[in-house]
Amino acid sequence: MSKETSLHGVHQDLGALFTDFAGWSMPVRYASELAEHKAVREAVGLFDLSHMAEIHVCGAQAADVLDYALVGKLSGVKPGRARYTMICDAEGGVLDDLVVYRLADEEYLVVANAGNADVVAEALSERVQGFDAVVDNRAATTALIAVQGPKAVDVLAAVTDADLGALKYYASVPATVKGHEVLLARTGYTGEDGFELFVAAEEAPALWRLLAEAGEPYGLVPCGLACRDTLRLEAGMPLYGNELSRALNPFAAGLGRVVKFEKPGDFVGRAALAELAKADVPRVRVGLRGAGRRAPRHGYRLLSEETDIGTVTSGALSPTLGYPIAMAYVDRAYAEAGTRLSVDIRGKIEPVEVVDLPFYSRAGEPGHRPAATLDGAAAPRRKDPK
């Protein structure tokens, strides 16, 4: 039987359609996933992410533990800041990609994907041995709510006195939201500005409702996992199980930058990753743009003439851009932007073109690519609220 978050009743009242995701009963959509996607790009959306795992690492050697357990240099993260990183096995395979928040000198919060929660918790519990630190899995007592979109700042400003202007991207601060104590983080998985709020699970329904009420003037809508997937795909963000797996290493995924060999001491996977960093990567992750309305999907074959040269990992008809997009792993010889390939979509061969990632970035970001409405007209640029 699927597990339920503390917000399950709220989603039922809102008429959500549910799906099983990593053993959790989660809202896939409420009304229209297209409308939910559009709301996040143009206004603001509200997400339940309470299926994610929150694992605290505390103690005098908390920083040393994470430097050893993860591939990044977490000792270099200042209190109040966060970092994207990975946890690998001894052979360099990716066990999960993570966001790690440094809450204080001797306390970190590790946020793991729902499907890898037990794997990450067990690995950290093993790797902490011999260090003056403890691993405390608080996933069962913590809820996570995300407010994402260009109007997210307006929504939060209506319910908290926290200095949102001073809260930078990938930073967090303890805050009070209408009497609810939260960890307020400026992070997300949508390609838009936004916030994630960690709160005690029993307080989540009340917090959700007050955020929904505060967001009404700004067009806030509840959003499910379906639009979260198309949002992250447009932003070129990898999904574990699609673009990342234990069979892949960070370099194969094009994310070798997260591996910090310069940090002192050993870390799990260092020797294997050092060898992998020197090796040629046979296949690389790329973006694909299609034509028409038929989108490549996970597992579809990519062809150059009649030769198999890759596999699609994620794909959809982009609600923002109005054409099919996908991420894929292709043989290195076919990875240059502009390369024309074909994809086998249920027995029909369709053309695709290799393009740079991300497909979409919000106004104000380096390499900004303006959104397009479904009729192809350029959308107005928005000022980056940071």
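This section describes the domains, sheets, helices and selected residues of a predicted model.

The domain assignment divides the protein into three parts. Domain 1 is made of two stretches, 7-48 and 141-235. Domain 2 covers 53-127, and domain 3 covers 282-373. The centres of domain 2 and domain 3, taken over C-alpha atoms, lie 32 Å apart.

An open sheet is formed by three strands, in the order S1-S3-S2, and the pairing within this sheet is mixed. Strand S1 (3-4) and strand S2 (17-21) are at the edges; each has a single partner strand, so one side of each has no neighbour in the sheet. The pairing of S2 with strand S3 (residues 24-29) is antiparallel and involves five bridges. In this part of the sheet, Phe 18 is placed opposite Pro 27 of S3.

Six strands take part, in the order S15-S18-S17-S16-S19-S20, with antiparallel pairing. From one strand to the next, the twist averages 45°. Several of the pairings can be followed along this order. Strand S16 (residues 301-304) and strand S17 (residues 307-317) run antiparallel and are joined by four bridges; Arg 301 is found opposite Thr 311 of S17. Strand S19 (residues 340-345) is linked to S20 by six bridges, again in the antiparallel sense. Within this pair, Ser 342 has Pro 351 in S20 as its bridge partner. S19 and S20 make up a hairpin with two residues between them, and Arg 346 in the turn has a positive phi of about 50°. Strand S20 (residues 348-355) also pairs with strand S15 (residues 283-290), through four bridges and in antiparallel fashion. Here the bridge partner of Gly 290 is Val 352 in S20.

Helix H3 (residues 62-69) is mostly covered, with six of its eight residues buried. These buried residues are Ala 62, Ala 63, Val 65, Leu 66, Asp 67 and Ala 69. The elements that cover them include strand S5 (53-58), S6, strand S7 (94-104), strand S8 (107-112) and helix H4 (117-127). Helix H7 (residues 225-234) is largely enclosed by the rest of the structure, because nine of its ten residues are buried. The buried set consists of Leu 225, Ala 226, Cys 227, Arg 228, Thr 230, Leu 231, Arg 232, Leu 233 and Glu 234. Packing against these residues are S2 and S3, together with helix H2 (33-42), strand S4 (45-48), S17 and strand S18 (324-331). After H7 comes Gly 236, which has a positive phi near 70°.

Strand S6 (residues 82-88), one of the elements that cover H3, contains Thr 85. Thr 85 is classed as buried because its relative accessibility is 0%, where buried means under 20%. When residues up to four places away in sequence are not counted, Thr 85 touches Leu 70, Val 71, Gly 72, Leu 74, Asp 96, Asp 97, Leu 98, Val 100 and Val 258. Thr 85 and Pro 250 are 165 residues apart in sequence, while their C-alpha atoms are 9.8 Å apart in space.

With a relative accessible area of 9%, Glu 196 is buried. Apart from neighbours within four places in sequence, the residues in contact with Glu 196 are Leu 49, Tyr 101, Leu 144, Ile 145, Ala 146, Gln 148, Leu 183, Leu 184, Ala 185, Thr 187 and Gly 188.

Zero disulfides were found in a search of the whole structure. Cys 223 takes part in no disulfide: the nearest cysteine sulfur belongs to Cys 227 and is 4.1 Å away, whereas a disulfide requires sulfur atoms within 2.5 Å. Cys 223 is buried, at 2% relative accessibility. Cys 227 is one of the buried residues of H7. Cys 58 also counts as buried, with a relative accessibility of 16%.

Note on methods
Residues are numbered from 1 along each chain as its sequence is written. This is a predicted model: local features need pLDDT of at least 70, side-chain atom pairs count only at pLDDT 80 or more; totals for chains, interfaces and linings use all residues. Side-chain values use heavy atoms; hydrogens and water are left out. Domain bounds come from an automatic or database domain assignment. Buried means under 20% relative accessible area, exposed over 50%, partly exposed in between (1.4 Å probe, protein chains only). Two strands pair if DSSP finds at least two bridges between them. Axes are lines fitted to C-alpha atoms, for helices over the stretch in contact, and angles run from 0 to 180 degrees between N-to-C directions. Contact means heavy atoms within 4.5 Å.
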